[in-house]
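Hi,

Here is the structure I promised to pass on.

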Amino acid sequence: LNVLDANDRVPDTADAMRFDREHVWHPYTSATNPLPTARVRSARGVRIVLEDGRELIDGMASWWCAIHGYGHPELDAAARAQLGRMCHVMFGGLTHAPAIELCRTLCEMTPESLEHVFLADSGSVSVEAAIKMALQYMQADGQTKRTKLFTVRGGYHGDTCGAMSVCDPDNGMHHLFSGLLPQQIFAPRPDCAFHEPFDPASLDEAAHILEQNSEHVAAIIVEPIVQGAGGMRFYHPHYLKGLRELADKHGVLLILDEIATGFGRTGKLFACEWSNVEPDIMCVGKALSGGCMTLAATLATRRVAHTISADGGVFMHGPTFMGNPLACAVANASLGLLRTTDWKTRVNNIETWLNESLAPCRSLPGVADVRVLGAIGVVEMNEAVNVARLQEFFIEKGVWLRPFGRLIYMMPAYVMARNEIGQLAATVFEAIQTNRHR
Ligand code: PMP
């Protein structure tokens, strides 16, 4: 009760917000010139409630995560039940039911060849684990020259150093950290849109670059089908299929980063199903816990795991909060919900509604492209948008969207209704029509 009281108390909103502005670092912001920030009191279903009582329809699902909406009773109940047992216990030498159940479910849900699960505490850490697995695999296999990663431009895999090294080199991170980041091998971004006939040119180029460097490459790492934070582009399933074939041809591993795409977002349970390929290593996160707890996982095939473990080898990673029981319990509830609801119909419906409601944006001046895949809708502008101005307009209109670069995009909870999708899209239309993006 005391905790509830403390959270509900709003002694001085202005003072709290001043403190936030002056001392609290938000994602990708300046400490001295931060972007405007809204204060949230609570979140329920597809709505975020601000401190002043205004309700916003949330088009972001907290960056792909909250697929069932906020405050789902089954997820909350799972957290409460687990709180009564234990919040956390170290995972070295100890295990517990929530983690075992989660790993079993992940083995069942993910592509068949993935049999070993490493529990990580964020998406970026699961990518670090995947990279280290690939390198350890090659070391254990005696292929010690294979120390590089092969990836494509336009990708995003997280903000830790290993993950950053395979993000798009033009996203501003590479030059800042160039003294620290390992140099990886990049192919051009897949230039073959999902909804268009397949153009093999960029795959051919990737094949050529890999061919020239293959003796040094441990793994190919990509986001399957959707390049998210690197540009919200959807590429053709044939491209991913081609990468799988190239990986096999050159004896390198294929790491798929399903952190954003996993658990139904693209209309398939995992985006790799569009191409009918199975990875050697796969990262999942974000929606894994229904967006409630920080949790991710790296899965590997038997071949990868057993090669690393041969001759007394151990996998060299072990975060303090690995296998956090509270996070696992909530994830179990979230995956249970996903398995028992008709998420596919919901995502297909959202795809239809996004297509119909975003279509009018196509004819607006300044709009370069409108694209939809599953429960992802993107309006790409010709020029970078004014995020602060747009955000203010969106809040005024009762929606929550967070544009970046040239992109105004949405990835709502799967439980969003048609009229709510319509309201998000109509607000985007009005914002562009009335020039709020400038
Ligand atoms: N990979 C992809 C594809 C992502 O979209 C993200 C998060 N935006 C990450 C990795 C990193 O995950 P996290 O922010 O949980 O570290």
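To start, which residues of α15 are buried? They are E420, I421, L424, A425, T427, V428, A431 and I432, where buried takes 20 or more other C-beta atoms within 10 Å of a residue's own, exposed takes 12 or fewer, partly exposed is in between, and C-beta atoms are placed from the backbone. As a reminder, an α-helix has 3.6 residues a turn, so residues three or four places apart point the same way.

Before the rest, two bits of housekeeping. This is a predicted model, so local features need pLDDT of at least 70 and side-chain atom pairs count only at pLDDT 80 or more, while totals for chains, interfaces and linings use all residues. Residues are numbered from 1 along each chain as its sequence is written.

Back to α15: it runs over residues 418-433, 16 residues in all, and reaches 22 Å from its first C-alpha to its last, close to the 22 Å expected at 1.5 Å a residue (that is 1.5 Å times one less than the number of residues). Helices here are DSSP runs of H or I with at least four residues, strands are runs of E with at least two, and both are numbered from the N terminus. After α15 comes N435, with a positive phi near 65°.

Two other residues have a positive phi without being glycine. Y28, at about 50°, lies in the loop between α2 (13-23) and β1 (40-44), and counts as exposed because it has 9 C-beta neighbours inside 10 Å. W64, at about 80°, is in helix α3 (residues 61-64) and counts as buried because it has 24 such neighbours inside 10 Å.

Now the ligand. It is surrounded by 15 residues, the closest being G123, S124, G158, I259 and A260 (a residue is near if its C-beta atom, placed from the backbone, lies within 6 Å). Helix α6 (residues 123-140) gives the largest share of that shell, 3 residues.

Finally, the largest nonpolar core has 129 residues, and A134, A219, I220, L253, I255 and I281 touch the most other members. A core here is a set of buried Ala, Val, Leu, Ile, Met, Phe, Trp, Tyr and Cys residues joined through C-beta atoms within 7 Å. The largest share of this core, 10 residues, comes from α6.

Cheers
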